[in-house]
Amino acid sequence: MSEASSPDRPADDLRRRKLMDAALTVFLRFGFRKTSMDEVARAANVSRQGLYLHFATKEELFRASVAHFLDSALAAAAGALADAERPLEERLVATFDTWVGQFVGALGSEAADLAAATKELVGPVVDEREGQFIEAVEEALRASGLVAAYAPAGVTGRQLADTLYASARGLKYGAATREAFVEGMSVAARVMCLPQRERREKQANQGPASPRREGGRPRRARGKTR
């Protein structure tokens, strides 16, 4: 292969990403069996020959497209979790929307075979990335101090992360729209983060501590004595 056509070159990488993004859209619409390389080429606005230069078979294209999506979504989820300017509730909702919510309403009526194709062709990759995602959520919960609040109940950080993920999976199939998914995940995150909310409200109600002297008596303001 010549230097001009090397897949390591940035322009070629960009072209491959464009092809994989287009392919994923087509796979979601038509499923694996009914998706053709011609349809993907049309969606990517490239020739059929141009598509085959990068991916020799539909199976290879599917594997690459799913792995590309998972890596991109995992990076986006990690970025959302790391955004310390936002409350934990908002970060969790954004993270699960990135990982799960974007699929709500995106599957076509003919895409029923995607789950089986994914398991057969790229199952280990999905399992690995899914594990990394749950670990990232668990770490964010732990760093926030929320896991410690549930320790007296014997609930672990992994169990908290798994519970949120179970809610997201249920909403993926139960929510009619992506907006409904976000609304449902907002409720789930709000409930889980309740100990944090109560702690903040308690601190706010207590206000600043009054200056005290030995013996617990308030200090007298300095000034002239009468």
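Author: At 35% relative accessibility, Arg178 counts as partly exposed, a class that lies between buried (under 20% relative accessible area) and exposed (over 50%), computed with a 1.4 Å probe on protein chains only. This is a predicted model, in which local features need pLDDT of at least 70 and side-chain atom pairs count only at pLDDT 80 or more, while totals for chains, interfaces and linings use all residues. Residues are numbered from 1 along each chain as its sequence is written, and side-chain values use heavy atoms, with hydrogens and water left out.

Reader: Which residue forms a salt bridge with Arg178?

Author: A salt bridge requires a side-chain nitrogen of Lys or Arg within 4 Å of a carboxyl oxygen of Asp or Glu. For Arg178 the closest N and O atoms are 2.9 Å apart, and the pair links helix α9 (residues 178-192) to a partner in helix α5 (residues 88-99), 81 residues apart, helices being DSSP runs of H or I with at least four residues, numbered from the N terminus. That partner, buried at 15% relative accessibility, is Asp97.

Reader: Is Glu138 buried or exposed?

Author: Glu138 meets Arg142 in a salt bridge at 2.8 Å, N to O, and both lie in helix α6 (residues 114-143), four residues apart, about one turn of the helix. Arg142 is partly exposed at 42%, whereas Glu138, with a relative accessible area of 17%, is buried.

Reader: How many salt bridges does the count come to?

Author: Arg129 and Glu128 also meet in a salt bridge, at 3.1 Å from N to O. By the distance rule, the count comes to nine.

Notes. Helices (H or I, at least four residues) and strands (E, at least two) are DSSP runs, numbered from the N terminus.
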